[in-house]
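Please keep the sequence and the structure in view while reading.

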Amino acid sequence: VWDAQGPGRRAASQVDGTAHVLVSGKAWVKHMVAGSITDGNNWQDMSCVGGTDIVVKDDAKVASVFGAGYDTWANPTNVSMMGESTTINVKIMGGTVGYVYGGGYRGTVGTPGSPIGSITISITGGTILGDVFGGGRGGLDKIIHTADGEFKNGSGYTNSTGSSVVYAEKVSVTVSGNAVVNGNVYGGGESTPVITGYQSMSPNNSPTGVAMVVCDSISVSISDTASVNGDVYGAGKGIDVNDTTGGIHSSAYIFSIKMTNDVWGIERIPWINDSDVILTTDSNFNYSDYAHLKSTSASVHVSSNVLGSVYGAGAYGQATINQNLFVTVSGTVEGNVHGGALGSSEGSEINDKPMVSGTRYVTVVGEADVGGSVYGGSRNASATGDNHVLLISGRIEGNAFGGPFMGSLNGNSHVYVGDYAYDLALDLGIIQEGCYEDLLKIEMTVGIGIYG
């Protein structure tokens, strides 16, 4: 099948209970599975479905999984799920999936006054070919044009990004078991740049805060023998205006899954297929609030294998943490470990606007093995609040820094090594009592140097 969804199509078709979607055996969903409605809600804020439960297992194949809805027609000005009794559960137990999102495509779930209870993504087996996001995805309305760009009815064209905001009490992303993620893992959502024109159409409504996640707590965990072949981020993916090929931004696609030469892979389908159609994105727009994470607390815990780097916050987007942000590494990270955000893909370009706030605790413990360096702060980005780096046990091949890599810190930086680091981690609940002797046997090794 091309698409599969749990409840009805439009906002007027309500499901009071939970919408269940099970994809198993050798099933093949070429485009997407969604837990909620497939027309954006522009009627009134409401619960079109009481909750969603999506399971992919066995040898099934799915291009994209969305825990919430997938807007295909309207300008989604209202929410389709709300209330603390409403939950989103996505379980990938096996098979092959292209991309996983806890939220929806273009549409918003929850409101500031009535957030949903939780979004829980649990990946315990199978292979994710692309990325995993705890939040939703921004994008262009997918059926407002024909293949040659001819305009069709629908109000969605006025809004080239959608909203895809998540208001939830709790967001949790867990990769465990023997699962493999070939791309990156993000706690937050994926935003997309504003389109100023395509064919004869000129969108005139592009909201702020696309793919924003607002919650009480957010957590990302990589454990057991699971492997992430890219990077791990505690927050979402904002806009990198340099991420274009032939003038088209990397997010300006939908996806299908198919087999080529006996290998399952993702096919990127442009929003407009005709090569003569010009799709213009706005590189000067203020994207600072896109994929913004606003949370009371946040945590990233890696006890298995990450081939890239680990960041406590997001990529190119803000993370406003009211209290503490914890990054704990007790497994293998082949790249670097950062308490903050990735500010730019360009090696020498620094995002001067503070991208992370709150107090950051970066802990290296157990049999941790870091192939690069450890930083209390961000990379190519600025931050506010204090950095604390706790070196208890394990190995760091490079250096340990209390501050950022090519950025600024409006706050204090601290590096603790040995017993005080252990005591502080114990007080904060990062480690459990009774492991002191075992950690002493492992020792703490830093390959080059430690800098405050």
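The chain exposes about 16,600 Å², and carbon and sulfur atoms supply 46% of that area; accessible areas come from the Shrake-Rupley method with a 1.4 Å probe, and for residues only the protein chains shown count as cover. This is a predicted model, in which local features need pLDDT of at least 70 and side-chain atom pairs count only at pLDDT 80 or more, while totals for chains, interfaces and linings use all residues. Residues are numbered from 1 along each chain as its sequence is written, and side-chain values use heavy atoms, with hydrogens and water left out.

**The chain as a whole**

- The chain contains two helices and 39 strands; these are DSSP runs numbered from the N terminus, helices being H or I of at least four residues and strands E of at least two.
- The radius of gyration is 21 Å, which agrees with the value near 22 Å that a compact globule of 452 residues would have; it is taken over C-alpha atoms, and the globule rule is 2.2 Å times the number of residues to the power 0.38.
- Along the principal axes, the C-alpha atoms fill a box of roughly 65 × 50 × 45 Å.
- Of the 452 residues, 56% are buried (under 20% relative accessible area, with exposed over 50% and partly exposed in between; 1.4 Å probe, protein chains only).
- Among contacts (heavy atoms within 4.5 Å) between residues at least 6 apart in sequence, 86% join residues at least 24 apart.

**Strand S33**

- Strand S33 (residues 387-391) is largely enclosed by the rest of the structure, because five of its five residues are buried.
- S33 runs parallel to strand S37 (residues 413-417), and five bridges join them; two strands pair if DSSP finds at least two bridges between them.
- Within this pairing, Leu391 stands opposite Val417 in S37.

**Two buried residues**

- Ser295 belongs to strand S23 (residues 293-302) and counts as buried because its relative accessibility is 1%.
- Beyond its neighbours within four places in sequence, Ser295 has contacts that include Cys215, Asp216, Thr320 and Asn322.
- Lys61 is in strand S5 (residues 61-66), and it is buried with a relative accessible area of 6%.
- Leaving aside neighbours within four places in sequence, Lys61 touches Ala27, Trp28, Val29, Thr96, Ile257 and Trp264.
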